[in-house]
Amino acid sequence: HSCPTNLGTGMRASVHVDLPGWTAYSVDKLKARCEELHLQPRGTRGESGGQTGHTYDISNKHRLGYSEVELVQKMIDGVNTLWEEDKKYQKECFGDFPYIASQHSLVAKYVTKDKWDQLKNIKTKTSGFTLEKAIACAVQFNNQHCGIYAGDWDSYKDFAPVFDPLIQEYHGISPDAKHTSDMDPTKIKGNIVDDAPVHSTRIRVGRSIDGFGLSPGITKEQRVGVEKLMASAVQNFT
């Protein structure tokens with residue numbers, strides 16, 4: 001290797017990891033902590049690309065004097081240590097405002113700290129659903145586009161400061177838009193051309209039952225209630 005830093009194994013094991021707590025606390029102190037852990041922090045754009053946001057490329061610093069197994073283990077143990085410390089700094093810097101892993105989601109855009117503080121203690125009447133539960137997928141996963149689910153019909157009302165603008169942006173409608181329904185199939189013009197490589201066709205509609213939670217928030221008792229309701233209803237089928 002032409003670069004002395006790559007002598008030895010020449011192996012650099014790294015991960016891209018979000019460290020919002022450390023970023024808010026101090027990037028300089030994060031660098032110092034990485035030095036203690038024998039890690040090398042970089043931005044996601046490479047060695048000279050600089051650091052942007054709160055995503056870092058964390059790798060083993062050394063190449064010489066350690067085996068490949070030891071170097072990979074240093075990276076794994078070090079990243080786990082940094083993440084545990086990051087969660088502590090998240091609480092110190094952000095309070096109970098959750099870190100939203102899906103940073104490019106609509107939830108990240110519309111669940112601001114002000115709205116979180118306004119809505120975080122609300123529990124819906126139908127199933128006791130909360131905003132924390134509604135946005136859980138955007139908090140846990142980094143690949144969500146929308147990132148929020150209603151636990152019952154009350155969710156749309158109780159968490160309207162989040163749901164309303166999010167729904168309006170996704171569907172491209174104005175706040176005063178009115179939904180219209182038209183089920184007349186004779187108004188549909190033409191069909192998919194015959195030589196299009198279509199595998200299958202599906203038209204889906206969804207309906208809810210008043211008084212019961214939706215799938216993310218429905219309780220065991222409500223599920224049993226739906227079962228009894230449906231069992232009673234099918235008795236009238238002919």
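Mentor: Side chains of opposite charge can pair when their charged atoms come close. The model before you is predicted, and it holds 11 salt bridges.

Trainee: With which residue does R33 form a salt bridge?

Mentor: R33 pairs with E85, and their closest N and O atoms are 2.7 Å apart. Because R33 belongs to helix α2 (residues 27–36) and E85 to helix α3 (residues 68–94), the pair ties together parts that are 52 residues apart in sequence.

Trainee: Is E85 buried or exposed?

Mentor: E85 is buried: its relative accessible area is 17%, and the cut-off for that class is under 20%.

Trainee: Which residue is the salt-bridge partner of E35?

Mentor: The partner of E35 is K61, with 2.5 Å between the closest N and O atoms. E35 lies in helix α2, whereas K61 lies in the loop between β3 (55–60) and α3, so this pair ties together parts that are 26 residues apart in sequence. E35 is partly exposed at 43% relative accessibility, and K61 is partly exposed at 31%.

Trainee: Which residues are linked with D96 in a network of salt bridges?

Mentor: The network links D96 with K113, D117 and K120. Within it, the side chains of D96 and K120 meet at 2.9 Å, N to O. D96 is in the loop between α3 and α4 (106–110) and K120 in the loop between α5 (113–119) and α6 (131–134), so the pair ties together parts that are 24 residues apart in sequence. D96 counts as partly exposed at 43% relative accessibility; K120 is also partly exposed, at 25%.

How values were computed: Residues numbered from 1 in each chain as written. Predicted model: local features only at pLDDT ≥ 70, side-chain atom pairs only at ≥ 80, totals over all residues. Heavy atoms only, no water. Salt bridge = Lys/Arg side-chain N within 4 Å of Asp/Glu carboxyl O. Helix = DSSP H or I, 4+ residues; strand = E, 2+ residues; numbered from the N terminus. Buried < 20%, exposed > 50% of the residue type's maximum accessible area, 1.4 Å probe, protein only.
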